[in-house]
Amino acid sequence: MIELLILLAPLAALLINGIFGRLYIKNNAHYIAIAGVLVSLLVSLITFVRVMGGHTVDTVVYEWVLAGDIKIPFGILVDQLTAYMLVVVTFVSTMVHIYSIGYMHDDPGYWRFFTYLSIFTFSMLVLVLGNNFLMLFVGWELVGLSSYLLIGFWYEKKSAADANKKAFVVNRIGDFGFYVGLLLVLVTFRSLNYSDAFNHEAIVHVKEATFKVFGANLSLLDLMTFGLFCGAIGKSAQFPLHVWLPDAMEGPTPVSALIHAATMVTAGVYMVARCNPLFAEAHITSNIVVYIGMFTALLGATIGLTQFDLKRILAYSTVSQLGYMIMATGAGAYIAAIFHLFTHAFFKGLLFLGSGSVMHAMENDLDVRKMGGLKAKMPITRWTYLIGCMAISGAVPLMSGWFSKDEILAMTFASGHYFPWFVTAVVGGMTAFYMFRSYFLVFEGTPRDKHKFDHAHESPLTMTVPLILLSIPAIFAGLVFGLPLENGIIHKMLSHVVAGHGEGGHHLSHATTYGLMALSTVIGIIGIYIAYVFYVQKPDVLPAKTAKAAGPIYKLFYNKWYFDEIYQAFIINPLVMISKFLWKGFDANVIDFIVNAFGWVAKFLGSVLRHLQTGRIQTYIFSMVVGVILLLTIFYIG
Amino acid sequence: MTLQHYLALSAIIFGIGMTGVLVRRNLIVMFMSLELMLNAVNINLAAFSKYLHAMNGQVFIVFVMAVAAAEAAVGLALIITLFKNKETINADEVNFFKG
Amino acid sequence: MEQVIFYILAFVAIVSSLFMITRNSPVHSALWMLLTFFAVAGIFVQLDAEFVAAIQVLVYAGAILVLYLFVVMLLNPKSHGFIKVPFRYVIGVVASIIIVFQVLMTLKSSEVIGKLGWVTPQLAQELGNVKMFGKELFTTYLVPFEIASILLLIAMIGAIVLAKKD
């Protein structure tokens, strides 16, 4: 039961900081928070090693909910999938905690920030460690809450307050579907435990059940998984609910790194991978998942091509990478998806923290057009950022991203989804392009804003050390866990969780695999080369010219495909109009009229009946006598 | 003699007492009428006691009398207080409870 | 013989109570009430409730009625007749008549059903009314008896507090 410590340590830190932070701990809050998360990290690593040796845990700590014959325990499940998630969450969280010491050092809400980080870590661990859907759901909502709190950390800023509201509301839409999915699981399997729901016999039993929806026969599993997937769409920022993630960059940069890049947004991928026995049998949903993932990857990448805000570029790249992972789960390549989740957490966390370091140096300005030449001033940040770019681009062999992304592409190809494979392969080129675009604009070339360049400086040790520590797994995670190809440590471990399906189903010959890898590597290198030509060789001419040539397409990408505007026009405005009508028309006139009418009736009756209240005893006695007479009469008649 | 005879007598006396309560204005006389109604009830109790071969009816009469005595004591004290304050014991003129 | 006595007593009780509620002077009313009490005491005797009849005379006629007379004479209120509004006067009488009528109608078609108690006529002959009464009161109804005594005590204190000059 040592695993319980993983949960309890951040919880203790959160309680201590939450209760005593404001008055007593103040600027020492990081000691407690980091102590908590370090304990979690250490225990997680121990657990990981034990799981590697085949020691999995599935225990009930206590019976939590008892309703009739439905029992939902507070149980802990540590299997291979959980072990990976634990390492990712606690490791990135620790790095972000340390980084925040430097990044947040003079913020008035210092203690509050660390309390929120502890809340997040705790919530994410609940999500990952639970052995039933209810704990997953509780963790799911708790991470939503901490995300809300952290996006709106600088709540006095209107954009931050708007962004956290947006994130919350958009997530609610997805969570509604998730909730419906949970209820379907509950009524189908009479239990929310993973062990009951993922039971092979139970699934076979319900496999044939179908519903008629709009004339089409949908299987119960399709509906169930689609509901669950709606939750993933919201949490993992998939089309059409991706709009909240870029806005979430209003939060402090460490938060963007931890929550909105490395861990929380991957909860959807984790959930789908966790439910792989269900998704594997839901063919319609799986196809939807593939295409939504593909489209999201394309969407994120195209928008990322044109943005000038460094954090937004990274945010759209996150959207795009999440699209890859989701697509992989849809194609049945759950291991590849988790592998990419694993590597992505490191290099995307690294990139975000790097961007925070740049931001720190540039006096909180994020416009890449004003940067340039920073490699001279910030060598550590530059090198680690470059490592991150190389990893994410998938173009540099043996970097972590190269393994995982190519595996996703290969698996998509192998599962017969040729069109999505083609699109995402091209998107890989775009990814390489826009990531290196950001790198070249920020670190290479000549400084564009002299004043800011002069004041730029390398960040303090608390910020650079996490960068260095994160760059290590960003380089080697693929080599250590992914070799030999499609049969590395991660594959061997995770095959216990996704047994009998996924990658085992589709096998490519080695020649095809190498061919596909070479192809995507070449596409990536082309992307990098174009970025080099555009932004190092002729930075003043080519980008502007291309933008002009592309015209409307450029505009479409630059304005994020007008999603915010479309939602504003077709969803928000009509809703506001209906609400206004209901408020001013319906509520003020109809409801209020009814309420007032009750008042008037009571008042009128009172004004009539008060004459009965004469104050004379005999009147009262008389009415009593009349009552007796009536009763006797009724007695007679009856 | 049947039970009904006693019950009929009791009903008549009860009715007379009730009429007194309803139509008199003097609070003291109203109180007397109340005592009359209680007496009618006592006749009832005694009659049932006899015809059902039970003793508890008579015991109840004693309790009723105890309560009547208490009520008379407190009621008359109230009437005295009322008279002291309002110079009247006319039920028509006492309407503190008018709404 | 029994019937004759009953009818005489009933007649006295009814007539005297009618006089009681119709006399203008409270003193007269009180005196008519006295007569009613005596008649009712007679009825009690006829119902084999000698002890209760004795208390009726002692407590009602002796104590309560005297209390009424004391109050009447103490206050010496102006003579108040019936309520002034004739309509209410009439409906008060009518309502009472209706109730009495309804009760009498009920009685006409009723019969005594119920479990007979332990007081058999022989036992009553042997023990006598007072002994049986005491047995019942001080065994089964001991607690209510004590409560009644407390009630009387409270009423006494209450009456003193209320009527006391302040």
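Contact here means heavy atoms within 4.5 Å. This is a predicted model, in which local features need pLDDT of at least 70, side-chain atom pairs count only at pLDDT 80 or more, and totals for chains, interfaces and linings use all residues. Residues are numbered from 1 along each chain as its sequence is written, chains are lettered from A and ligands numbered from 1 in the order in which they are written, and side-chain values use heavy atoms, with hydrogens and water left out.

Start with A:Arg112. Helix H4 of chain A holds this residue; helices (H or I, at least four residues) and strands (E, at least two) are DSSP runs, numbered from the N terminus. Beyond its neighbours within four places in sequence, A:Arg112 is in contact with A:Phe153 and A:Tyr155. Its side chain reaches the backbone oxygen of A:Phe153 at 3.2 Å. A:Arg112 is buried yet has no salt bridge. Buried means under 20% relative accessible area, exposed over 50%, and partly exposed in between (1.4 Å probe, protein chains only). A salt bridge needs a side-chain nitrogen of Lys or Arg within 4 Å of a carboxyl oxygen of Asp or Glu. The nearest side chain of opposite charge, A:Asp107, is 5.5 Å away.

Helix H11 (residues 253–262) of chain A comes next. 10 of its 10 residues are buried, so H11(A) is largely enclosed by the rest of the structure. Its buried residues pack against H3, H4, H5, H10, H15 and H16 of chain A.

Now the nonpolar cores. Each is a set of buried Ala, Val, Leu, Ile, Met, Phe, Trp, Tyr and Cys residues joined through side-chain atoms within 4.5 Å. The largest has 209 residues, and A:Phe133, A:Leu228, A:Leu278 and A:Leu374 have the most contacts inside it. Helix H16 (residues 334–361) of chain A gives the most to this core, with 18 residues. Another core, of 77 residues, lies apart from it and includes A:Ile621, B:Ala8, B:Leu36 and C:Ala95.

Finally, the backbone. Most residues other than glycine have a negative phi, and most peptide bonds are trans. A cis bond joins A:Phe239 and A:Pro240, with omega about 5 degrees. A:Pro240 sits in the loop between H9 and H10 of chain A. A:Lys560 is not a glycine, yet has a positive phi of about 60 degrees. This lysine lies in the loop between H25 and H26 of chain A. C:Asp48 also has a positive phi of about 60 degrees, in the loop between H2 and H3 of chain C. At 42% relative accessibility, C:Asp48 counts as partly exposed.

How values were computed: Lys and Arg count as positive and Asp and Glu as negative; His and the chain ends are not counted. A polar contact is a pair of N or O atoms within 3.5 Å; within protein, one must be able to donate a hydrogen and the other to accept it, and residues adjacent in sequence count only if both atoms are side-chain atoms.
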